[in-house]
Amino acid sequence: MEKFNVEKEKCIACKACVRTAPENFKIENGKAIVFKQPENKTELSNSQRAMDICPTKAIFSKKSDPITGDSKIRETLEKYPHLKKVLLKISPKFKTMQNPIMWNTIAKYATFKNAAKMAGVSLCEILHVINKELGLEKELYTLFPECIKDTKPEYNSTEIAWEEPETIMKIQKYEVETLTLIVNQIENLKPGKSLVFEGEIDPEPIIKVIESHKFLYNLNKINPYKTRISVYNKPSKLKNNKDYEILDVRKMQQDPFDIIIKKAYSLDPGEGFILVQTFVPTPLINMLDGMGFDAEVKEINPYEVQVYFTRRIENDINNYNYSDKPTVTIQSATPVGYPIIMRLLQSKKLKQVVNIKELKIWEETEKHLGWIINKKADISFSALITASKLKDMDVKMPVVFVWDNFTILTRGYIAKSLEDLKGRKIHIPLFEDAPPAKITRYLIEAKGLNIKDFEFTYGNPFGRPKQIMMDFLSGKVDTVLLREPEAGFVIKALEESNITYSELSYGKIWNEINEGFGLLPNAGVVFKGELVREYPEIVKIVLEELKAAIEWVNSNKKEAAKLSFDMMRAPIKNVEKFIERVTFKYIFGKELEDKVYKFYDILIKNNIISATLDEKLMEIFKI
């Protein structure tokens, strides 16, 4: 039977696992624990689901199959992320294996057998330590010595039919640092160019990287201690666009933006794809143009528009894709920031200093925490309250720009105060221990009302704003707590249908209770600490361009709606309504620190969040 455990450092006590598998998980001392291992199929299934939905990937399981010499490093560490620290204790050289370039190349293909050679550590020692950590020592022993057997890989080496460079890269000592240099050379190899390196090399992981790029190569084993590899990036020929993959976003239920961006980044010069939409996606065309794509629009009928995107081959586009600029991943946990993000991505200054590897948009907002904690995202648009959970993480949140963003809406009846909600089912996002629900209870009690007179309902395991919005629009429910943009979308629809509605702003109620507090903070931008330390000038430019984007959206609301409606999958008029209502204001420095301190002080004193208001927490907001 599979065994489960919780990595306490990552647990944020969201109780998702407790609700999903109550027979096996519980909260103890503010963290989730496994108090009983699964003993039947039902418990096993529930525990596996708890592991899958954990937003920070804090839950891991011990499998019955041990790690062997042929196990892939990345695959293993993605399955057991806590092993990263274990490997670092064996050798600090494994830290290099976890940097972005190595993680996305060598670690993807290299085995622990390869890693042992690079790190200069005994393979048996590595396997013994990591399997002991997983409780799989006995299983490892049953395979010994098969666990470290030496397999002979087959290579698709070809005869050299290309011009080689005059300079050959000589490998004097094969270490992880050397491998990083080799991979960097391969990653930056431009079409029509070649490179040669030779020395004491383990070719297997390098060849996997070369083959992943579909480069030609020649492998020559000169002697037992010397290997020569010649690599050639053959220029791509333009494909017949009839062969292009079709992405019909009309049929997609989820936000297609992340899928489109991933597709774009996966293509080589000369390759492309066909996007099918119900309208001409001008914002997307403009963005992909900056990434080096030509677009040809074909309007098939009033309900079908096909856009043929082809990646250009010109040198300036190659330079854009293969430059030495750092590559960053951006993620957003809430659609309220989409207009700002879309404007930010148009920034020429930003394009000059970074390559955007991925723009991840989460339907499940809590999952972005996993990317922050596991350092997958460099820049995150995130809720302010999230920062209290990141106190021990290497992050900075120097700016908050979304304010007064929650409101209670009613339909079919008028509510002038919280008291008018008595006897109604109030549909709340997320779950009962999440901040939206706790702040609601705080506001009710602070107004002198009895919480027992109010009824709250949530989703299972999470209440999704989009689903709450749809239930409200259909008339299935009549009282909801919504954020923007969903609140703006709903109000526009109600107004057009002449349906009676009312609105209770949390910002207004908060200030009635906390006189003179001002704008209620909601969301800002989180930077990975490593990015702040290594590229302070780039972070400065990002912040400057973020401020400029916010000012532009506030001054050009109709244009901002046209820019972002495609990404938001909503009519322009609905997006216009949302932008008219939302409060975007760039606040940083001492003003932000004072506001955050005052906000957290209220939250902590009223048991809305569990945190200590100290200098360590406040350091997150300084840069």
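Is F489 buried or exposed? F489 is buried, with a relative accessible area of 10% (buried means under 20%, exposed over 50%, partly exposed in between, using a 1.4 Å probe and protein chains only). The views below come from a predicted model, where local features need pLDDT of at least 70, side-chain atom pairs count only at pLDDT 80 or more, and totals for chains, interfaces and linings use all residues. Residues are numbered from 1 along each chain as its sequence is written, and side-chain values use heavy atoms, with hydrogens and water left out.

**View 1. An open sheet built from six strands.** The strand order is β14-β13-β15-β22-β16-β23, with mixed pairing (two strands pair if DSSP finds at least two bridges between them; strands are DSSP runs of E, at least two residues, and helices are runs of H or I, at least four residues, numbered from the N terminus). At the edges sit β14 (355-361) and β23 (583-588), each pairing on one side only. From one strand to the next, the twist averages 25° (axes are lines fitted to C-alpha atoms, for helices over the stretch in contact, and angles run from 0 to 180 degrees between N-to-C directions). Zoom in on β16 (residues 395-403) and β22 (residues 521-528): they run antiparallel and are joined by six bridges.

**View 2. Helix α24 lying across strands.** Helix α24 covers residues 536-555 and lies across β15 (379-383), β16, β22 and β23 (contact means heavy atoms within 4.5 Å). Relative to β23, the helix runs at about 150°.

**View 3. Two edge-to-face pairs, F381 with F401 and F489 with F578.** A pair of aromatic rings is described by the distance of the centres and the angle of the planes. The count comes to 14 aromatic pairs (rings of Phe, Tyr and Trp, the last by its six-membered ring, pair if their centres lie within 6.5 Å; planes under 30 degrees apart are stacked, over 60 edge-to-face, and the rest tilted). For F381 and F401, the centres are 5.9 Å apart and the planes make 85°. This pair links distant parts of the chain, with F381 in β15 and F401 in β16, 20 residues apart. F381 counts as buried at 3% relative accessibility, and F401 is buried too, at 1%. For F489 and F578, the distance is 6.4 Å centre to centre, with 85° between the planes. F489 lies in helix α21 (residues 486-496) and F578 in helix α26 (residues 572-581), so the pair ties together parts that are 89 residues apart in sequence. F578 is buried, with a relative accessible area of 0%.

**View 4. An aromatic cluster and a charge over a ring.** Y442, W510, F517, F599, Y600 and F621 make up one aromatic cluster. Elsewhere, R424 lies over the face of Y413, 3.7 Å from the ring centre, and K298 lies over the face of Y308, at 4.4 Å (NZ of Lys or CZ of Arg must be within 6 Å of the ring centre and within 35 degrees of the ring normal).

View 5. Most residues other than glycine have a negative phi, and most peptide bonds are trans.
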